[in-house]
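Please open the model in your viewer and keep the sequence panel beside it.

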Amino acid sequence: IEEASGCQIAFGPSLIKGFVLLSEGRLGVARSELEGLLRRADEEGDEYARIIILQLLSHLEWCAGRPTQAAALAVDALAGDDPTQYASLHRKARAEATLGDLATARLDAENARELAEGAKDAIHAAHAHAVLGFLELSSGDAEAADRLADLADRLLAMGLGEPAIFPFFPDAIEALVGVGDLERAEALLGWLEERGRSLDRTWALAAGARCRGLVSSARGDQVSALAAFDDSLAHHARLPFPFERGRTLLALGQTRRRGK
């Protein structure tokens with residue numbers, strides 16, 4: 001689709017294409033598309049589009065296992081004149097959490113949540129809540145289970161259909177497994193697996209298989225758990241998400257150790 005001269009980049013098909021490529025896990029072509037749009041936004045002085053593109057690139061680099069670059073891109077987006085700076089703050093917070101700077105990540109995520117809720121922006125408030133839940137999960141805090149599962153339930157009630165928009169569902173499932181709420185974990189997992197198959201989302205298939213392994217392991221079915229982790233790693237082989245692959249390898253190693 002060719003865009004007309006003067007078409008706003010932020011609402012044009014090229015940006016939508018970049019977002020779809022990112023959702024599909026095709027990070028290389030998504031990066032090329034978005035970086036080309038960023039150059040165009042700079043040339044045209046389109047500050048609003050520039051901020052949105054930087055936010056998407058920040059998420060892309062986080063997915064690609066480059067949290068330092070993800071944080072830098074979010075900071076660049078924050079330097080712009082953007083009334084929705086919370087959209088950059090929660091991306092910065094997730095990158096900081098991945099880098100292990102939990103205190104700064106929590107502060108940024110709380111600020112993002114408060115700003116988004118004040119602006120009545122439910123979508124970005126949900127993203128900030130998801131980062132806070134991830135921080136709690138990373139710290140071994142059982143509160144993560146309720147925070148993330150309740151958030152997942154609200155989004156599903158709103159009709160969420162694309163798992164890549166809110167990639168915290170595996171965190172919610174893992175937290176529920178951690179507190180022994182396997183029935184609720186199964187319900188969320190069923191949705192993630194179905195969406196992964198229906199939309200052919202490699203990330204959802206890989207994360208879903210990992211979560212299936214966690215649920216099976218918690219039920220004492222080590223054979224099914226190991227098979228699910230192997231399935232997850234097969235999906236990871238065609239997905240450039242090293243952090244997620246690392247989580248699967250960790251879960252696999254823990255299960256093997258318990259089974260001696």
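**Confidence first**

Colour the chain by pLDDT, the predictor's confidence in each residue from 0 to 100: the mean for the protein is 93, and 97% of its residues reach 70 or more. Select residues 1-7 next, where the pLDDT is below 50 and where the stretch has seven contacts in the model beyond near neighbours in sequence, a contact being a pair of heavy atoms within 4.5 Å. Where pLDDT is low, the predicted coordinates should not be read in detail.

This is a predicted model, in which local features need pLDDT of at least 70 and side-chain atom pairs count only at pLDDT 80 or more, while totals for chains, interfaces and linings use all residues. Residues are numbered from 1 along each chain as its sequence is written, and side-chain values use heavy atoms, with hydrogens and water left out.

**The largest pocket**

Select F19, L56, R91, H127 and I165, which are the closest to the centre of the largest pocket among the 39 residues that line it. Its volume is about 860 Å³. A pocket here is found on a 1 Å grid over the protein atoms alone, as an open set of points where a 1.4 Å probe fits, with protein on both sides within 12 Å along at least five of seven lines, and lining residues have an atom within 4 Å of a point. The points are joined across faces, edges and corners, and the volume is the space filled by probe spheres set on them.

Now show the helices, which are DSSP runs of H or I with at least four residues, numbered from the N terminus. The helices α1 (13-23), α3 (47-63), α5 (86-99), α7 (122-138) and α13 (242-258) each supply at least two residues of this lining, and the largest share, nine residues, comes from α3. Colouring by class divides the lining of the largest pocket into 23 nonpolar, nine polar and seven charged residues, where Ala, Val, Leu, Ile, Met, Phe, Trp, Tyr, Cys and Pro count as nonpolar, Asp, Glu, Lys and Arg as charged, and the others, Gly among them, as polar.

**The second largest pocket**

Move on to L137, S138, E174, R247 and L250, which lie nearest the centre of the second largest pocket, itself lined by 15 residues. Its volume is about 300 Å³. The helix that gives the most to this lining is α13, with five residues, and by class the lining holds nine nonpolar, three polar and three charged residues.

**An enclosed helix**

Select α9 (residues 169-178), in which eight of the ten residues are buried, so that the helix is largely enclosed by the rest of the structure; buried means under 20% relative accessible area, exposed over 50%, and partly exposed in between, with a 1.4 Å probe and protein chains only. The buried residues are F169, P170, D171, A172, I173, A175, L176 and V177. Around them, display α5, α7, α8 (143-157), α10 (182-199), α11 and α13, against which these buried residues pack. Just after α9, G180 takes a positive phi of about 85°.

**Two lysines with positive phi**

Most residues other than glycine have a negative phi. Select K120, in the loop between α6 (102-118) and α7, whose phi is near 60°; at 76% relative accessibility, K120 counts as exposed. Then go to the segment after α13, where K260 lies. K260 has a positive phi of about 55° although it is not a glycine, and with a relative accessible area of 91% K260 is exposed.

**The cysteines**

How many disulfides does a search of the whole structure find? The search finds zero, a disulfide being a pair of cysteine sulfur atoms within 2.5 Å. Select C63, for which the nearest cysteine sulfur, that of C211, is 16 Å away. C63 counts as buried at 7% relative accessibility, and C211 counts as buried at 0%.

**Two last stops**

Select L73 in helix α4 (residues 67-78), a buried residue with a relative accessible area of 19%. Leaving aside residues up to four places away in sequence, L73 touches L54, L57, S58 and E61. Finish at R219, in the loop between α11 and α12 (222-236), where R219 touches L182, E183 and E186, again not counting residues up to four places away in sequence.
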